[in-house]
Amino acid sequence: SYNNIGYVHHFLSLIDELHPTGVTEDDKNQYKAECYFLEAYYHFRVLQAFGPCSIIPEKVDPNISNTEIPGRSHFDYCVDYIVKKLDDAAYVLPPQRTNERELGRATSTICKALKARVLLYAASPLWNGSFPYPNWKNVNYETPGYGKELVSQTYSKEKWDKECVCSSIYQPPTKETETKN
């Protein structure tokens, strides 16, 4: 997944610099928003597989050594980063794709659905006050605002509140709403 994050950042580093022919500013904004979705998606995949992970917010040299990679960030910091990227993408992307050639591309709807899943995962007992390894901490890296701690050992009702609000905002289309639109 980190390779894919690298590809996303490489694309973002070039989109404004290269001025591709026939690509409008609206197109660029759309592509950037799709990249924000992909960056959030790939960070979430790493978070699911390995727990607190390194957040890579920009393009890095592909030959970077392991000692230069930032350490794992606090779990809540990772979640906040992912949710922010999804919010940024959802703000720009359309709710659905109507052009057959664009099917499968990111939409604001999928951003909101993934955001709900991320927040549900964060509110789950494993990551919300019941993590079984309370002494798991960074040795050489401090997450801004969290220190060396990787997982909060305190239950937070607010995590469930965020998830409930997010889930209630997204309402999947029904036959009734589809015929009205």
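Me: How many aromatic pairs does the structure hold?

Reply: This is a predicted model, and the structure holds 11 aromatic pairs. One of them joins F37 and Y41, whose rings lie 6.2 Å centre to centre with 20° between the planes. Planes under 30 degrees apart count as stacked, and this pair is stacked.

Me: Where do F37 and Y41 lie, and why are they separated by about one helical turn?

Reply: Both belong to helix α2, which spans residues 25-50, and they are separated by about one helical turn because they are four residues apart.

Me: How is the pair of Y41 and Y42 classed?

Reply: Planes over 60 degrees apart count as edge-to-face. The ring centres of Y41 and Y42 are 5.3 Å apart and their planes stand at 65°, so this pair is edge-to-face. Y42 itself has 19% relative accessibility and so counts as buried.

Me: Which residues is S1 in contact with, leaving aside its neighbours within four places in sequence?

Reply: With those neighbours left aside, S1 is in contact with Y42, R45 and V46. S1 lies in the segment before α1 and counts as partly exposed, at 39% relative accessibility.

Me: Which residues do ring pairs link into a cluster?

Reply: The cluster linked by ring pairs consists of F44, F75, Y121, W127, F131, Y133 and W136.

How values were computed. Residues are numbered from 1 along each chain as its sequence is written. This is a predicted model: local features need pLDDT of at least 70, side-chain atom pairs count only at pLDDT 80 or more; totals for chains, interfaces and linings use all residues. Side-chain values use heavy atoms; hydrogens and water are left out. Helices (H or I, at least four residues) and strands (E, at least two) are DSSP runs, numbered from the N terminus. Buried means under 20% relative accessible area, exposed over 50%, partly exposed in between (1.4 Å probe, protein chains only). Contact means heavy atoms within 4.5 Å. Rings of Phe, Tyr and Trp (its six-membered ring) pair if their centres lie within 6.5 Å; planes under 30 degrees apart count as stacked, over 60 as edge-to-face and the rest as tilted.
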